[in-house]
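Got your viewer open and a bit of time? Let's take a walk through this model, one selection after another.

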Amino acid sequence: DDDKARPQTSNRSVDFSSDGTPKRSNETSSKQGKSSIGNEEKDMHAKIEELDKKGKALFKNKQFLEAAAAFTEALDYIESHTDQSNPSVSASLNKQIVTLINNRSAMYEKGSL
């Protein structure tokens, strides 16, 4: 259970894998409805996943601020490549956004900011 890997220092929900690394931002959401996602959205998810992996690699190297920057870059990418007025598009990315924000917050905490 991943709850055991979560830090006990706050009430914030930070999604960590059992090895202590932040979970992939689309670990559960990418498995749902893959066939209904268009190519543009698939490309967007691939880019977000790339940035998420970059953040996780930086985290493993204890480069917490750089990892936070990678998670921020993924969040900025989502914001600039989605139609915020379309609730269905925003809803499909909501889990990724929440996970990226939690992971970024954890990096700031680990980096003592």
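Where is lysine 62 found? Select lysine 62: you are in the loop between α1 and α2. Before moving on, some ground rules: this is a predicted model, where local features need pLDDT of at least 70 and side-chain atom pairs count only at pLDDT 80 or more, while totals for chains, interfaces and linings use all residues. Residues are numbered from 1 along each chain as its sequence is written, and side-chain values use heavy atoms, with hydrogens and water left out.

Stay on lysine 62. Its phi is near 60°, a positive value in a residue other than glycine. Most residues other than glycine have a negative phi. Lysine 62 counts as exposed because its relative accessibility is 64% (buried means under 20% relative accessible area, exposed over 50%, partly exposed in between, with a 1.4 Å probe and protein chains only).

Now colour by secondary structure. The protein chain has three helices and zero strands (helices are DSSP runs of H or I with at least four residues, strands are runs of E with at least two, and both are numbered from the N terminus).

Next, select residues 39-60, which make up helix α1. Its 22 residues should span 32 Å at 1.5 Å a residue, and the end C-alpha atoms are 31 Å apart, which agrees (the expected span is 1.5 Å times one less than the number of residues). Buried residues of α1 include Met44, Ile48, Leu51 and Phe59.

Jump to tyrosine 108, in helix α3 (residues 87-110). Is tyrosine 108 buried or partly exposed? Tyrosine 108 counts as partly exposed because its relative accessibility is 34%.

Last stop: colour by pLDDT, the predictor's confidence in each residue, from 0 to 100. Among the elements, α3 has the lowest mean (86) and helix α2 (residues 64-80) the highest (95). Then select residues 27-35, where pLDDT is below 50.

Notes. Contact means heavy atoms within 4.5 Å.
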